[in-house]
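Reader: I have not looked at this structure before. Could you take me through it?

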Amino acid sequence: MNELIEAGKLHCANCATPLEGEFCHHCGQSMHSVLKPVHHMLEDGMDMFLHVDGRILHTVPPLLTRPGFLTMEYFSGRRQRYVAPFRLMFVLCLLAFFAVHLAVNAVVNKSLATAVQTDSTASNPFADARTPQEVQAALAKQIGGLEAARKSAPAVAGAGIDVAENRLREAARKREAELGAPPARPVHLSSKLDGQTFHVGWLPQFMNDRVDVYLHRTKANFKEAFGSEDPDARQLARERLITGVFAVLPQAMVVMVPLFALLLKLFYVFRRRLYMEHLIVALHSHAFLFLALLLATLLGMFAGWLRPHAGWAGRGVDYLQTAILLWMPAYLLMMQKRVYRQGWPMTLLKYWCVGWCYFWLLGGVLLVAAVMGAGH
């Protein structure tokens, strides 16, 4: 006898399972058809965007201000209103490094422009020299001024100072040639890799070949960035180095997340927590760090724009940036205390040990990323 079907009962068009809501509980297909007018599709798109935006509004404020809150919510099963941990971490990682890349490029380009403008508008400092010894004395004086400026300038501004130093040395060589001095021997940037190949016996040959290619490309890029006589070639090489390194950093930080979770697993092995729990802690910790780095970078760029117009406002933004940087280690400590629920002495000890191990792991991963990026 055929089975009776309740009248008015909707069934899934994909698997014929009776529906209890807008989605099939057996296969997950929506009961709504995709064949609809365009204005309905636009309404669905806006609903999806607002839904994601609503989750962002529920996620970002507690991530920044409430240590461990999102992790505890995730452990308690309240996950729907928040952005998933990996997606949150990865998006913030991309945004943070994008902002840092823009800030570094802005500082480097400004320093290069200042060096070029100074070089084009200033008179030749060696024009009054009558002997090669006077040229060398004037050069030493100019280099001393640049070194003093290098100590007070940001680290990323060193590119512009290097350009100015190279131009001074080139002008000194030309003046010495005009005075009849013998030409100086060109500086050769030597390396242990000259005429050699990288080889480690216990590594497979394809890995040795790959590392050898990266090392030789890195050597060539650095040689062109700091030893080329063409200023345009030096600038392009330095931009290539910076772009290559920042292109690899997000992947490097993705590698650091499971390593950090493994550290937490080792230091909290007697807490009998699953590795997945430590991984969620690591994802939320890195998401907070990238969010704080993003805000600090944006505030630094905003302060730099404010200083020429309103110095007092720029100082206020600098104080806010410093507060965010100080909040980063305090946040991680309070998050570790709230999630793992140990006393303060043990929490402080493990916090220091985990941080020390993470520092060296991060240094190794960043070094590999720098070699891979510089060999771009």
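This is a predicted model: local features need pLDDT of at least 70, side-chain atom pairs count only at pLDDT 80 or more; totals for chains, interfaces and linings use all residues.

Reader: Which residues of helix 10 are buried?

Author: The buried residues of helix 10 are Thr347, Lys350, Val354, Tyr358, Val365, Ala369, Gly373 and Ala374.

Reader: Stepping back, how many helices and strands are there in the protein chain?

Author: The protein chain has ten helices and zero strands. Along the sequence, this gives the pattern α-α-α-α-α-α-α-α-α-α.

Reader: And what percentage of the residues in the chain is buried?

Author: Of the 376 residues in the protein chain, 34% are buried. As for contacts with a separation of 6 or more, 64% of them are between residues 24 or more positions apart.

Reader: What about the largest nonpolar core: which residues touch the most other members?

Author: That core holds 55 residues, and Leu63 and Phe290 are the ones that touch the most other members. Two or more residues each come from helix 2 (69–75), helix 3 (85–121), helix 7 (231–267), helix 8 (275–306), helix 9 (311–340) and helix 10 (344–374). Helix 8 gives the largest share of this core, 14 residues. Apart from this core lies another one, of five residues, including Val135, Leu139, Leu168 and Ala172.

Reader: Back to Leu63, please. What is Leu63 in contact with, leaving aside neighbours within four places in sequence?

Author: With those neighbours left aside, the contacts of Leu63 are Leu70, Leu88, Leu92, His284, Ala287, Phe288, Leu291 and Tyr331.

Reader: A new topic: what is the volume of the largest pocket?

Author: The volume of the largest pocket is about 730 Å³. Its lining consists of 25 residues, and those closest to the centre are Leu289, Met328, Leu332, Tyr358 and Leu362.

Reader: How many of the lining residues are nonpolar, polar or charged?

Author: The lining has 21 nonpolar residues, four polar residues and no charged residues.

Reader: Last topic, the backbone. Which residue other than glycine has a positive phi near 65°?

Author: That residue is Ala16, which is found in the segment before helix 1 (38–65). Arg272 is not a glycine either, and its phi is positive at about 55°.

Reader: Where is Arg272, and is Arg272 buried or exposed?

Author: Arg272 is in the loop between helix 7 and helix 8. Its relative accessibility is 77%, so Arg272 counts as exposed, given that exposed means over 50%.

Definitions and conventions
Residues are numbered from 1 along each chain as its sequence is written. Side-chain values use heavy atoms; hydrogens and water are left out. A nonpolar core is a set of buried Ala, Val, Leu, Ile, Met, Phe, Trp, Tyr and Cys residues joined through side-chain atoms within 4.5 Å. Buried means under 20% relative accessible area, exposed over 50%, partly exposed in between (1.4 Å probe, protein chains only). Helices (H or I, at least four residues) and strands (E, at least two) are DSSP runs, numbered from the N terminus. Contact means heavy atoms within 4.5 Å. On a 1 Å grid over the protein atoms alone, a cavity is a set of points where a 1.4 Å probe fits but cannot get out, and a pocket is an open set with protein on both sides within 12 Å along at least five of seven lines; lining residues have an atom within 4 Å of a point. Grid points are joined across faces, edges and corners, and a volume is the space filled by probe spheres set on the points. Ala, Val, Leu, Ile, Met, Phe, Trp, Tyr, Cys and Pro count as nonpolar, Asp, Glu, Lys and Arg as charged, and the others, Gly among them, as polar.
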